[in-house]
Amino acid sequence: MSDAAERDVAVVGCGPAGCAAAVFAARDGLDVAVFDRGRSSLARCAHLENYPGFPAGVDVGTLSDLFRAQAERAGCAVVDDLVESVERAAGDDGGPAGRPEADEPRFVVTPQEGEPVTARRVVAATRYDGEYLRGLDDDEAMFAVRDHGDETHEHFDREYADRDGTTPVDGLYVASPSDADRQAITAAGRGARVGKRVVADARIDDGWWPEAAAGVDWVRREAELDDEWAERDRWVEWFDAEHADGPVDPDSDRFARVREAAVDDARSSYVGADDEAVRAAAGQRALAERLDPDAIVDAHGPDALLDAMDDGAIAAHAAGDGSGPSAGDPASDGGDR
């Protein structure tokens, strides 16, 4: 963990919610560490049958491996460790006035085995008891007391965070599923929402204003741009028109700096046909690498893999036809957007 001693974001948990939050944050250029001890509540499932994109369902081991691989591909450092505590960094009192500089760490994240990590933001994305968050706020605010027969128990209050994951503690976000997010797909949606909030807040700390900071994360076809939008000047005009009446002077250096970054971000989301094909091949290969041929053959017979493949693809491979983008080519990694 020597290379992860200081991070922009520390995400506790790499289940559907934690992975989604981490990927959104990392793809925007934030330095993210994800702590994953494999204790996601997803592991309790025998087979996941209602997660979109898997017509016959998917075993939770494969899905968890895919979560981890996607976080790593996005640039996250995935750490096999359990977080024991999250504490305020020295000089932080929980509010902006408590930090001498906006880019100083707010938190110290201490894992069970590795070295502590400092982070400007922490995303709690676990379903276990939340004890590691004690001391960041009043316990009465963060934990709910419930009666169970003759006994009373404290549980982390699932309604402690707002819908976008923000909490009364500056820099702390909660992506843990609430009572309404107990399905894997809804948990992933909550994590994505929290990840977008983290990105927006990081941009605001960097001088963006809220209306400009709220971006989207997509990859679109370059062919969708007509001649007008293919030119950078048209994007600059669009940004100026969108924010002419905003809170920042359009003639200021701050406005120009944010406009430059926002236009670069928007234009980079469009890719050409060749890049699209390379990314598609890389995506297919990433899925293929998670296949278990022995399990498929044991369940469906020795020809199961061949039966599932297109006959034309088999013939082309047998003939040594290397047409099309190669998933083995270094360029097949594509980009992170």
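## Confidence of the model

The protein chain has an average pLDDT of 85, and 87% of the residues reach a score of at least 70. The structure is a predicted model. In residues 96-100 the pLDDT falls below 50, and this stretch has ten contacts in the model beyond near neighbours in sequence. Residues 324-335 also have a pLDDT below 50. For residues 324-335, the model shows 19 contacts beyond near neighbours in sequence.

## The chain as a whole

Eleven helices and eleven strands are found in the protein chain. The chain has 337 residues, of which 38% count as buried. Among contacts in the protein chain with a separation of 6 or more, 62% are between residues 24 or more positions apart.

## Helices H1 and H4

Helix H1 covers residues 16-27 and helix H4 covers residues 184-205; the two pack with their axes 7 Å apart, at an angle of about 30 degrees. Because this angle is under 35 degrees, H1 counts as roughly parallel to H4. The crossing of the two helices is right-handed.

On the H1 side, the residues that meet H4 are Pro16, Ala17, Ala20, Ala21, Phe24 and Ala25. Their partners in H4 are Ala184, Ala187, Ala188, Gly191, Ala192, Gly195, Lys196, Val198 and Val199. Sorted by class, the residues of this contact between H1 and H4 are twelve nonpolar, two polar and one charged.

## Helices H6 and H7

Helix H6 (residues 232-242) packs with helix H7 (residues 253-268) at an angle of about 125 degrees, and their axes are 10 Å apart. This angle makes H6 oblique to H7. The crossing of H6 and H7 is right-handed.

From H6, the residues in the contact are Arg232, Trp235, Val236, Phe239 and Asp240. They meet Phe255, Val258, Arg259, Glu260, Ala262, Val263, Asp264, Ala266 and Arg267 in H7. The contact of H6 with H7 holds eight nonpolar and six charged residues, with no polar ones.

## Pro105, between two strands

Pro105 lies in the loop that runs between strand S4 (83-88) and strand S5 (107-111). The relative accessible area of Pro105 is 32%, so this residue is partly exposed, a class that lies between the cut-offs of 20% and 50%.

Leaving aside residues up to four places away in sequence, Pro105 touches Ala89, Thr118, Ala119 and Arg120. Arg121 is 16 residues from Pro105 along the chain, and the C-alpha atoms of Pro105 and Arg121 are separated by 7.8 Å.

Glu140 belongs to helix H3, which spans residues 139-142. With a relative accessibility of 77%, Glu140 counts as exposed, because the cut-off for that class is over 50%. Between Glu140 and Glu154 the separation is 14 residues in sequence, and their C-alpha atoms are 9.5 Å apart in space.

His148 is placed in strand S7, residues 143-148. The relative accessible area of His148 is 42%, which means that His148 is partly exposed. Not counting residues up to four places away in sequence, His148 touches His153 and His155.

Key. Residues are numbered from 1 along each chain as its sequence is written. This is a predicted model: local features need pLDDT of at least 70, side-chain atom pairs count only at pLDDT 80 or more; totals for chains, interfaces and linings use all residues. Side-chain values use heavy atoms; hydrogens and water are left out. pLDDT is the predictor's confidence in each residue, from 0 to 100. Contact means heavy atoms within 4.5 Å. Helices (H or I, at least four residues) and strands (E, at least two) are DSSP runs, numbered from the N terminus. Buried means under 20% relative accessible area, exposed over 50%, partly exposed in between (1.4 Å probe, protein chains only). Axes are lines fitted to C-alpha atoms, for helices over the stretch in contact, and angles run from 0 to 180 degrees between N-to-C directions. Angles under 35 degrees count as roughly parallel, over 145 as roughly antiparallel, 65 to 115 as roughly perpendicular and the rest as oblique. A crossing is left-handed if the near helix is turned anticlockwise from the far one by less than a right angle, and right-handed if clockwise. Ala, Val, Leu, Ile, Met, Phe, Trp, Tyr, Cys and Pro count as nonpolar, Asp, Glu, Lys and Arg as charged, and the others, Gly among them, as polar.
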